[in-house]
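Please open the structure in your viewer and keep the selection panel at hand.

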Amino acid sequence: MAWSEDQPMVSIKNLHKSFGALEVIKGVSLDVMKGEVICIIGPSGSGKSTIIRCVNALNDMQKGSILVEGQEVNDPDLNKLELRKKVGMVFQQYNLFPHKTALENIMMAPLLVLKQDKAEVEELARQLVKKVRLEGKENNYPGELSGGQQQRVAIARSLAMTPDVMLFDEVTAALDPETVNEVLVTIKELAEDGMTCILVTHEMGFAREVADHIYFTDKGVIVEHGRPATFFDDAKDPRTKEFLSQIL
Amino acid sequence: MDAFFEWFKWLYDDTGINLPFLYDSYDRGRMIDGFFMTIKLSVLCLFFSIIIGMIGAWLQASPLKWTRRFVGGYIQLFRNTPPLVQLYFFYFAIGTMLPKVSNGFGGEEPMLGGFAWAVVSLSFFAGAFNVEIFRSGIEAVPNSTIEAAKALGFSRLQIYKDITLPLAFRVVLPALANNLVNLVKTTTLAYAIAVPEMLYEANQIWSDNVNVTEMMIFMLLVYFVLVGALVWVMNRWERSMKIPGYGA
Amino acid sequence: MKNSKYKTDLPVMLSPKTATAGRFNLSLKPWHGLLLLGICVLSSTAAYTADDTANAPPFEVLLRWMPLLLKGFVFNLVISVSAMGIGTLVGAALGLGQISLHGSVRKTSWFVTQFFRNSPWLVLLFFAMFLLPFEIKVGGFTIPLPDWLKAIFGLSLPVMANVSEIVRGAIASLPSGQWEAADSLAFSRTQVLWRIILPQCVKRMLPPWMNLYSILTMATVLASIVGVSEVMTLTGQALSAEDGRTDLLMPFYSFILFLFFIYCYPIARWTVYLEQKFAVKT
């Protein structure tokens, strides 16, 4: 089935996932159109991260379907490499490769996975360094960078693969409060450039500002979703209300 | 140079301290041959034991139960039996079972000589330790870093080669260095199957010259210096491999 | 900000486990040892059928020599226990010397330790065999020094150096706060060492010490090279008494491997067990 831009870029239908006997996702469905930014929020352990980890097949799923640009992820013959070229991911713990400099971290995947020309990759990498405002840090090792700087390198590293969708898994959760903002600004600029983004986040103010759509999950299901304004000011479900009253 | 050698001749005549390998060119030749034989033996065994270690560690991560058991059995067998008996086992028991080959002079000789068997035996001995060392290093690489590489579309082999191994290698260098030092010391066992390494040649010299004391002390000094040099090189290497903010 | 509980650093390396620890339990079960014996038996019969002479079957020959070989093996164990005892006593003293407050004692102890640690065991064994006299005269008595006694001394030299390092390492691994706390209570240095530091070190020293014992036990076969009649020497004699039949080599050497394996493997397992047990507590 050919995928066209009027269809959802990522379409999750009735996703189920359990770890052993523990069922963490119990039937989640959501659609993301091209250029949309959606935020998944909810209490810890509600399965938010698991959802997006299923999108790029880092976790497998028991039941349901995830289509990324029309390609089924829940498929034993899935070409994971093809999928992961389309889907970039940024982690809570940055997970940079500690033995490579910032620039090498960014260049590694295009060189090794996409086998692109080294000069071109380096040019792209330098542009990305500029984009995430890390000029001058190209040759530093991750251990020499602050958390916020490392996270921006991680974003640039994902972008170097020119993905169509970016997944952000609580990317500011491990950061010092004073460096959270620099990372959020980077993501916001990315969203403004039209990148399709799925974020799992605890930053409510940020979610409200950049998201097109908010999904609230609790105990493995989507309790409520809506546009930011309606969601935050006019939540219907008592669970959502309770969560928002605690966090805001 | 001749004056230098002559001085030891006088030393012998005056004090009875007999160091024939310094003034007698024949003994000098034997000593030098022995020294280089020890070096050759060490380098070959180092090389093969590291290869065995890497392959073994790779196989131990195999999903196949019997592959893991086989590697585990190999490790325990070689770690808990005397290396000298292993050497005898290879050289005498297996060596005599191999077909003989013609030596070109109408006679026959064993397919593998003492030197080859020493390399085989000592490599497997040190390799058993290296497997464990490499495996502990691989386990020390955080799973999240591997995941980041997966999310960037790295293949299993690329992850092993470009992420896991370089990181694991840095962690295991001290333990590896220790094992390699032990290996160099263990090459003396080749003496037992008449491989003309340093200790063997020293024995020849003290048999001819009846100067056990001098030769013994000289041997201790040479090994002290040889091992000391290796330790020094490994320490330098460890320091040069160090990356900021990573490892101990 | 609710996120302060997430304040973690970059994912640094998990501390590397010691090479012996880890997935030990799945690697080998006692039946692997039996398997080894099986190989030993099978190889002997296999070699026998290949050799259709009127000789006795290899396993029968092995069985005939077994009592002698076992006696030899017990001798190996005697050597190992004696060398371990001597090496531990002298090595512990040397290790304490390495942390002495007297600079000269410290440096000498360090040098002696390094010197014997860096030397191959076989060279040290030769060293003792050839440089010790065959008898020593103390007063009017003459004490003979047979080869096996010299071998014990020779093997206790590297043990000594390694024990010295184990002691020094264990003491150094204790947090300096222990010394400071004890000092502040006005204990003398000797009291601090014997009452506070060393008791805590015993646990840390036990696994490497046992590991060393295992290595020493396997090194006792080196004594065969210098003519002590331990199991390897006896094996050689047995083989030549059987006219050097090549079909006997495999079963005999397998048997020796097997003997050492069933002795050393439980020690290795126990060492790993203790290592893991103590690692949790400290």
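How many residues lie between strand 1 of chain C and strand 2 of chain C in the hairpin that they form? The two strands of this hairpin have 2 residues between them, and Gly139(C), in the turn, has a positive phi of about 60°.

**Before continuing**

This is a predicted model, in which local features need pLDDT of at least 70 and side-chain atom pairs count only at pLDDT 80 or more, whereas totals for chains, interfaces and linings use all residues. Residues are numbered from 1 along each chain as its sequence is written, chains are lettered from A and ligands numbered from 1 in the order in which they are written, and side-chain values use heavy atoms, with hydrogens and water left out.

**Stop 1: the hairpin of chain C**

Select residues 135–138 of chain C, which are strand 1, and residues 141–144, which are strand 2. They pair in the antiparallel sense over 4 bridges; two strands are said to pair if DSSP finds at least two bridges between them. Helices (H or I, at least four residues) and strands (E, at least two) are DSSP runs, numbered from the N terminus. In general, strands of a sheet pair through backbone hydrogen bonds, either parallel or antiparallel. Now select Lys137(C): it stands opposite Thr142(C) in strand 2 of chain C.

Next, display the whole of chain C, which has 10 helices and 2 strands. Of its 282 residues, 47% count as buried, where buried means under 20% relative accessible area, exposed over 50%, and partly exposed in between (1.4 Å probe, protein chains only).

**Stop 2: the open sheet of chain A**

Move to chain A, where 4 strands form an open sheet in the order 2-1-4-5 with antiparallel pairing. Strand 2 (22–32) and strand 5 (71–72) stand at the edges, each with a single partner strand, so one side of each is left without a neighbour in the sheet. Select strand 4 (residues 63–68) of chain A as well: strand 4 and strand 5 are joined in the antiparallel sense over 2 bridges. Within this pairing, Glu72(A) in strand 5 is the bridge partner of Leu67(A).

**Stop 3: an enclosed helix of chain A**

Is helix 3 of chain A largely enclosed or largely exposed? Select residues 102–112 of chain A: 9 of the 11 residues of this helix are buried, so it is largely enclosed by the rest of the structure. Among the buried residues are Leu103(A), Ile106(A), Met107(A) and Pro110(A). Their cover includes helix 4 (118–131) and helix 5 (147–159) of chain A, together with helix 8 (156–186) of chain B.

**Stop 4: chain B as a whole**

Display chain B, whose secondary structure comes to 10 helices and 2 strands. Its radius of gyration is 23 Å, well over the 18 Å that the globule rule gives for 248 residues, so chain B is more spread out than a compact globule. The radius is taken over C-alpha atoms, and the globule rule is 2.2 Å times the number of residues to the power 0.38. Along its principal axes, the C-alpha trace of chain B spans about 75 × 50 × 30 Å. Buried residues make up 53% of the 248 residues in this chain.

**Stop 5: Asn18(B) and Tyr23(B)**

Select Asn18(B), in the loop between helix 1 (2–15) and helix 2 (20–23) of chain B. At 3% relative accessibility, Asn18(B) counts as buried. Neighbours within four places in sequence aside, its contacts (heavy atoms within 4.5 Å) are Tyr12(B), Tyr23(B), Asn209(B), Asn211(B) and Glu214(B).

Proceed to Tyr23(B), which lies in helix 2 of chain B and is buried at 17% relative accessibility. Tyr23(B) and Phe8(B) are 15 residues apart in sequence, and their C-alpha atoms are 6.1 Å apart in space. Beyond four places in sequence, the residues that Tyr23(B) touches include Phe5(B), Phe8(B), Tyr12(B) and Arg28(B).

**Stop 6: Leu46(B)**

Finally, select Leu46(B) in helix 3 (residues 25–60) of chain B. Leu46(B) is buried, with a relative accessible area of 17%. Not counting residues up to four places away in sequence, Leu46(B) touches Leu180(B) and Leu183(B).
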